[in-house]
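Hi,

As promised, I'm handing over the structure we talked about.

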Amino acid sequence: MILSIESSCDDSSIAITRIKDKKLIFHKKISQESSHKDYGGVVPELASRLHAKLLPQILKECKEFLNQLKAIAVTTEPGLSVTLLEGVVMAQSLAYALNLPLISVNHLKGHIYSLFLEKDSIFPLGILLVSGGHTMLLESKGLNETKIIAQSIDDSFGESFDKVAKMLSLGYPGGPIVELRAKNGNAIINLPQPLNNKHNLAFSFSGLKNAVRLEIEKNTINDNFINDICASFQKVAISHIVQKCKTFFELNKQSNTWQHFAIVGGASANLSLREQIQNIADSYNKQLLLAPLSFCSDNAAMIGRVAVESYLIGDFVDIKDIKITPKIQSF
Ligand code: KG4
Ligand code: ZN
């Protein structure tokens, strides 16, 4: 079995995965959302202190498996450096005390492998990765063969939901709240579609966020307005993603690199996004892969699933050389 730790942002999570059949033997995640709510976003120092308290608490709950472990895995990139550090220090201590090899896991690879919990992987894949930190189109042929095709030139899809919720004092994280408000509203407020040029394969959300801010400033804030601005924002944010995905599918029609397309990351839980990407996949005759809703956001199970692949090819890091990389370097 492999014990995996995730602490790249505000979720403290540990999983234990059986190597031979990838079965999830133990998984627990404690979300820190309620602690960050008052600030409208994650406070890194607070998140770090909470990881220091919560990770040992979770570890106690799975101590019966410690003598069956073959390796320790931990998220090392990308993420907040002070929170990554908490997981890494715990992983180093466990690897040292139990004399086990250490596996360093890229968080974004984790999101990709959230598609393959307790099952075999499917590659090659076209991927839309939408989280709080990233918005990307990727092509992946396997564990260490992922190419970035497009990314956001400023903010991410998930972060723009968080900021809209913050501007409207709706709480954190904004994604599920804005999605719910949007369901009860009408998309009647005119907002600009970002990078509205189908040949430009990149994302941008800062202009849209700013347009929402201007509407909030000039309107009376009541429930109807909140629902309508959420509906209008979500419609444009998703239609921006849909436009770029269509271009991506069109390009793949020529190269025929992948037959399967996936949406991963915390914001892949958005049902309207899922529905619209499903329509594109259907029209291009591609199969859409999605992670279970409860494993879209950050969790250690997806880190453990990547770690199984790394373990099988003997990809370990030295306990003294393990590095934290806040920004993504490469796949
Ligand atoms: O992957 P994740 O858990 O953390 C990062 O790696 O960043 O993604 C969290 C992000 C947050 O920005 C959250 O607001 C967004 O995903 N999110 C959503 C939805 N659920 C979560 N965004 C839009 N619609 C949702 N339903
Ligand atoms: Zn994530």
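Predicted model: local features only at pLDDT ≥ 70, side-chain atom pairs only at ≥ 80, totals over all residues.

**The zinc ion**

Ligand 2 is a zinc ion, and its coordinating atoms come from three residues: NE2 of His107, NE2 of His111 and an OD atom of Asp298, at 2.0 to 2.1 Å. Along the chain, these donors are spaced as H-x3-H-x186-D. The pair of histidine 111 and aspartate 298 ties together distant parts of the chain, 187 residues apart. Histidine 111 sits in helix H4 (residues 107-113), while aspartate 298 is in the loop between strand S10 (287-290) and helix H10 (300-312).

Are those two buried or exposed? Histidine 111 has a relative accessible area of 0%, so it is buried. Aspartate 298 is buried too, with a value of 13%, and the cut-off for that is under 20%.

**Ligand 1**

Next, the other ligand. How many residues surround ligand 1? There are 21 of them, and the closest are Gly132, Asp162, Glu179, Gly266 and Asn270. Sorted by class, this shell has 12 polar, 5 nonpolar and 4 charged residues. Three helices each supply at least two residues of the shell: H4, helix H5 (157-167) and helix H6 (174-183).

A polar side-chain atom of histidine 107 is 3.2 Å from an oxygen atom of ligand 1. For aspartate 298, a backbone N or O atom lies 3.1 Å from an oxygen atom of the ligand. Glycine 133 also has a backbone N or O atom 3.2 Å from an oxygen atom of ligand 1. Ligand 1 taken alone exposes 550 Å², and the protein buries 88% of that.

**Cis peptide bonds, and a threonine beside one of them**

Have a look at the prolines next. Glutamate 77 and proline 78 are joined by a cis peptide bond, with omega at about -25°. Proline 78 belongs to the loop between strand S4 (71-77) and helix H3 (81-98). Another cis peptide bond links tyrosine 172 to proline 173, and there omega is about -5°. You'll find proline 173 in the loop between H5 and H6.

Which residues does threonine 325 contact, leaving aside its neighbours within four places in sequence? They are Thr76, Glu77, Pro78, Gly79 and Leu84, so both residues of the cis bond between glutamate 77 and proline 78 are on the list given by the contacts of threonine 325. Threonine 325 itself lies in the segment after H10. Its relative accessibility is 18%, so threonine 325 counts as buried.

**Two positive phi angles**

Glutamate 118 has phi near 60° and is placed in the loop between H4 and strand S6 (125-130). With 42% relative accessibility, glutamate 118 counts as partly exposed.

Asparagine 285 also has phi near 60°. Its place is the loop between helix H9 (271-283) and S10. Where does asparagine 285 stand, buried or exposed? Its relative accessible area is 70%, which means that asparagine 285 is exposed.

**Two more residues to look up**

Asparagine 197 is in the loop between H6 and helix H7 (206-218). At 39% relative accessibility, asparagine 197 counts as partly exposed. Neighbours within four places in sequence aside, asparagine 197 is in contact with Gln243 and Lys244. Arginine 213 is 16 residues from asparagine 197 in sequence, and the two C-alpha atoms are 24 Å apart.

Glutamine 57 is part of helix H2 (residues 44-61). Glutamine 57 counts as partly exposed, at 39% relative accessibility. Between glutamine 57 and isoleucine 30 there are 10.0 Å in space, C-alpha to C-alpha, and the two are 27 residues apart in sequence.

Cheers

How values were computed. Residues numbered from 1 in each chain as written. Chains lettered and ligands numbered in written order. Heavy atoms only, no water. Donors = N, O, S within 2.8 Å, 3.2 Å for Na, K, Ca; no water. Helix = DSSP H or I, 4+ residues; strand = E, 2+ residues; numbered from the N terminus. Buried < 20%, exposed > 50% of the residue type's maximum accessible area, 1.4 Å probe, protein only. Near = heavy atom within 4 Å. Polar contact = N/O pair within 3.5 Å; in protein donor to acceptor, adjacent residues only side chain to side chain. Areas by Shrake-Rupley, 256 points an atom, 1.4 Å probe, with all protein chains shown as cover. Nonpolar A, V, L, I, M, F, W, Y, C, P; charged D, E, K, R; others polar. Contact = heavy atoms within 4.5 Å.
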